[in-house]
Structures are given as C-alpha cells and as structure tokens.
Amino acid sequence: MQLIRNLVLATALALFSGFASAHYAIDYLGKGSNLRTGQWTRLESIENTAGNPYRAALKVRTSGVALAPGEGLIFTSDRDESGARFKAGCDYRLAGPMPKATLWSLSVNPENGQATTAFADRRYLVSRTVQWESDGRLSVAIASDARAGNWLAAPPAEGFTVSLRLYDTPLALNTTEMKIEDLPTIEKGACAS
Amino acid sequence: MSRFTIWMLSGLCLGGIIHIVAVLGIPIVTDNTPWNGIAGLGRTGQFHLVNRDDTPIGGLDPAMLHAACAFDLAGESSGFELNIEASLWTVSVFDSLGRSVFALAGREPHFGLALVTAVEGEQGDEAEKAAEPRPDKDFAAKVPDDKGFIVLRVYSPYDQERDKVLDTLKKARCA
C-alpha cells in the first residue's frame with residue numbers, strides 16, 4: 001500500500017515539476033531580455049534561437065513572425081510617464097524627439113486586438129505625414145475624440161498600447177546605445193468623469 | 001534518508017527528464033509552424049496579401065501593406081524579382097520555423113533575391129553551385145532547409161502607387 005502511495009506521489013511530482021518548469025522556463029527564458037527604455041519596451045526579436053532551446057520552443061509555440069532585425073525595430077508602451085496603464089476615456093500626449101529611421105510609424109492597438117471601425121485611418125501616424133514643432137520635436141494627441149494637428153484615435157471604451165516601429169534604422173545595429181531621451185514620452189492629460 | 005524522501009527525489013529527477021524532453025520536443029512534434037500558417041494563405045511559391053492579425057505575421061503595422069509567400073525549394077535553389085515602386089519596402093526571409101535568415105529594407109524600384117538551399121551533402125553542394133552564376137540577383141539568402149517563407153512590407157501612401165503595388169503583389173511569385 002505504501003509502495004503504491006509513494007509511486008503515485010513520485011509520478012505526480014515528476015509530471016507537475018517537469019511540465020510546469022518547462023512551461024515557465026519557455027515563457028521566461030525564451031523571451032530573453034526585452035530591453036526597457038523608459039516607458040518603452042523594445043520587442044526583442046526571437047529569431048535567433050541557436051543555442052537556446054527555450055527560445056526555439058517559444059518561437060514554435062507562439063508561431064509568430066516579428067519584424068526582423070534587418071527591417072527595423074518595434075517598441076511598445078502600455079503606460080504613461082507615471083507608470084499607470086493607458087485608460088479608456090483619458091487623453092494622452094506623446095511628445096519629444098523621434099529616433100533616426102528612414103520611416104517610422106506610431107499606432108494605437110486596442111487591448112482586445114480588434115481594430116475600431118471609427119477613425120480607422122487615424123489609428124496610425126507615419127513620419128512622412130506628421131507636423132513637426134518648430135524645435136524639431138513631435139507632439140501627438142492620443143484621444144478618443146478628434147483633435148487638431150497630429151492625432152491618434154484611441155479606443156473609446158478599453159485600454160490600449162502604443163507601438164512605435166522604426167524601419168531601416170541605424171539603431172538596429174546597436175540597440176544598447178539607446179537612451180531614454182532618444183524616445184518620446186507619453187503624458188496623461190484630462191480624463192472623462 | 002527515509003524511503004519516502006528517496007521516492008520524492010526520484011520523482012524530481014524524472015521531472016527533470018520530462019522538462020528536457022518537453023522543451024526539446026516542442027519544435028519536433030508541432031504542426032503549428034509559421035511555415036504551415038503562411039502556406040495556409042494559398043498556393044506556395046506565390047505572394048498573398050495579408051491583412052489579418054490572426055496569421056503568423058501578428059502585430060501588422062496598419063501603415064504598411066503586407067504580403068507573404070511560402071516556398072519549398074525541394075533541393076533546388078531558386079529566386080525571384082520584384083518591381084515595386086514604393087516609398088519604402090522591407091523584405092525578410094524566414095526558415096520553416098520562422099527564424100530570420102535574411103532581411104533588408106530598401107527604396108529601389110527593382111529588387112532581385114536568390115534563394116539558395118543550404119541542405120547538407122552532395123545535393124546541397126550542387127544546389128549552391130547552381131545558384132552561383134546568378135549575377136542578375138541583387139542579393140542571396142541561404143535557407144537552412146528547403147522550406148521557408150518571405151514577408152514583404154511596403155509603405156505606399158498614395159492611392160495610384162498603392163494600386164500598382166497591390167497589382168504587382170497579387171501576381172508575384174517567390175520561387
């Protein structure tokens with residue numbers, strides 16, 4: 001009786017520790033170190049899986065294809081300057097310099113992944129079409145209702161993230177040189193009561 | 001050491017083996033590879049427009065046009081040429097598991113890429129030699145196995161230019 005009990009417990013421990021640790025390790029060791037610069041997180045490409053079986057497993061499990069390093073870099077932000085997550089009904093202002101790139105785009109991504117049909121053409125801004133401040137900096141309103149000037153349409157009823165994609169950028173060669181002051185900041189404005 | 005402790009330590013050792021087998025086994029046993037996802041868009045060897053986030057190319061940039069083409073070189077090197085008049089394009093070549101093997105951004109209206117198979121052994125050597133005398137292609141991407149796919153991202157803000165790009169991509173082949 002004791003033998004059966006020990007066998008069952010040992011098998012349960014083996015299965016739990018084996019699969020749980022594999023799941024945890026693939027998620028955390030496979031992702032590597034996404035580089036955080038201020039409010040922005042650089043989505044590290046997980047293309048290079050050589051020598052890291054956790055990364056190879058994550059790559060297959062997520063089955064996703066990211067922007068390759070030779071194409072450019074992606075940064076995302078889900079929080080304002082105070083560290084609070086972006087909220088529906090609040091206005092935000094993205095301001096500051098933009099990193100050097102042949103082309104960049106800024107886009108707002110609703111939390112549920114579904115693009116809103118309203119203001120679909122204002123879900124993104126591109127470097128070629130924005131209006132620059134006289135000091136060469138950028139100022140963009142992120143709000144659910146229309147604004148004059150550079151405006152990104154935020155979803156009216158749910159949280160969101162902001163993505164900054166840099167295409168053909170020299171920063172892709174050495175991302176460790178990236179500093180907080182190279183990227184714009186996103187400040188919270190007024191919220192609907 | 002009690003017998004119970006020995007059983008539990010044995011369980012942990014077996015857990016370690018399960019951990020290793022699970023991690024190394026996922027890439028081998030899965031059918032859900034990025035290549036399968038791209039090949040599911042339509043005929044292999046042909047570019048297909050991608051405008052949904054539920055494809056393996058997640059997180060699509062709404063500012064760009066996206067097209068993808070799955071290929072199977074079957075031991076023979078291949079290549080393709082594209083004439084895209086756009087403000088900016090990027091092309092990236094991935095192996096069947098979605099690992100980047102080549103990526104480039106450019107603005108030139110003509111682009112040629114040779115896809116060179118890197119299958120080991122005699123067959124691979126012959127294929128590589130066959131790919132050598134191809135000065136017509138601007139670049140060459142060495143693909144570690146026969147299967148892979150190409151993702152093309154195009155920034156084309158003007159309607160007339162955009163229509164031309166879409167027309168080109170609908171007819172374009174990649175291998």
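Guide: Of the 193 residues in chain A, 34% are buried, a residue being buried if 20 or more other C-beta atoms, placed from the backbone, lie within 10 Å of its own. This is a predicted model, in which local features need pLDDT of at least 70 and side-chain atom pairs count only at pLDDT 80 or more, while totals for chains, interfaces and linings use all residues. Residues are numbered from 1 along each chain as its sequence is written, and chains are lettered from A and ligands numbered from 1 in the order in which they are written. Chain A has two helices and 10 strands; these are DSSP runs, numbered from the N terminus, with helices (H or I) of at least four residues and strands (E) of at least two.

As for the part requested, 43 residues of chain B are in contact with 44 residues of chain A, contact meaning that C-beta atoms, placed from the backbone, lie within 7 Å. The elements of chain B that give two or more residues to this side are helix 1 (3–29), helix 2 (34–39), strand 4 (88–95), strand 5 (100–106) and strand 8 (147–155). Helix 1 of chain B supplies the largest share, 15 residues. By class, the side of chain B that touches chain A has 25 nonpolar, 14 polar and four charged residues; Ala, Val, Leu, Ile, Met, Phe, Trp, Tyr, Cys and Pro count as nonpolar, Asp, Glu, Lys and Arg as charged, and the others, Gly among them, as polar.

Methods: Contact = placed C-beta atoms within 7 Å. Buried ≥ 20, exposed ≤ 12 C-beta atoms within 10 Å, placed from the backbone.
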